[in-house]
Amino acid sequence: MRVIFCFLEKVGCTNLKRMMFVAFSLLDRKTTSHEWVDYHPFLDGALARSSFSHKTLTDGGRIARMKNYFKFMFVRHPLERLLSAYRNKVEPPLSDIGMGFPNNLKHSILKAYRQKEYQSWKDAGCRYSITVSFPDFVQHVIDTNNSALNPHLKPAIDACHPCRLHYDFYGSFKSYKQDALSVSRWLGMEPEFFPDYDLHKDGLHTSDVLDSYYSQLSVHQKEYLLLDFKDELEFYHSLYPDDGGWQL
């Protein structure tokens, strides 16, 4: 099967990953565990070996694949995707000194923007929980070069390079189930489920709470964020010019 798929975090990529593994007979279609799909060493290894950037693939091989393989990726409104990453990965309170993701990101943000509070929390033996605010999270995104951002925060144009690698199909998070079904049929399989990945523990979708979070930002943060995401927003609206969407 000749296919190239860019795994973009926070756009339902776990289910798309699962579909790909099933299509390549690497996973039983009855497997639904996120942990199994995202963190299993064998699947991670298989994914790395088939990566478009793998060291064994020559430049000529990449060019041939770009010409002859079916290429697809899924996209989402950039500011909605960014907020989804915050709510899912960063907003949950930090209660220990553990440094695995996403805790390492939380530690980094707190140390940079809430140093006194962070030090007091550590001095107290981490006996209580501490939370990264949305404005501090956004400031981290603004202050960090896109190439150095965690994959959950990295813009699609930096993660998937659609300006250089022209994809044959762009799925939208807004029409995720319909578009994922189209891809699964192209792969020759029929998915049995489409879980609602963006339903937060508070029962609300990210699209329902955009105003309440982004209203916490200062005028300067909004200006810098829009400047930082200018190319990303232009790319998204070039695909969906009729989608006025939410405006910051």
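1. T131 lies in the loop between α7 (115-123) and α8 (134-143). Helices here are DSSP runs of H or I with at least four residues, numbered from the N terminus. The model is predicted: local features need pLDDT of at least 70, side-chain atom pairs count only at pLDDT 80 or more, and totals for chains, interfaces and linings use all residues. Residues are numbered from 1 along each chain as its sequence is written, and side-chain values use heavy atoms, without hydrogens or water.

2. Buried means under 20% relative accessible area, exposed means over 50%, and partly exposed is in between (1.4 Å probe, protein chains only).

3. Beyond its neighbours within four places in sequence, T131 is in contact with E91, P93 and L110. Contact means heavy atoms within 4.5 Å. T131 and Y118 are 13 residues apart in sequence, and their C-alpha atoms are 9.8 Å apart.

4. Helix α6 (residues 103-113) packs with α7 at about 120 degrees, and the axes are 5 Å apart. That makes α6 oblique to α7. Axes are lines fitted to C-alpha atoms over the stretch in contact, and angles run from 0 to 180 degrees between N-to-C directions.

5. Which residues of α6 and α7 make the contact? H107, L110, K111 and Y113 come from α6, and Q115, Y118 and W121 from α7.

6. Helix α1 (residues 13-23) is largely enclosed by the rest of the structure, because 10 of its 11 residues are buried. Among them are C13, L16, M19 and F21.

Technical notes
Helices (H or I, at least four residues) and strands (E, at least two) are DSSP runs, numbered from the N terminus. Angles under 35 degrees count as roughly parallel, over 145 as roughly antiparallel, 65 to 115 as roughly perpendicular and the rest as oblique.
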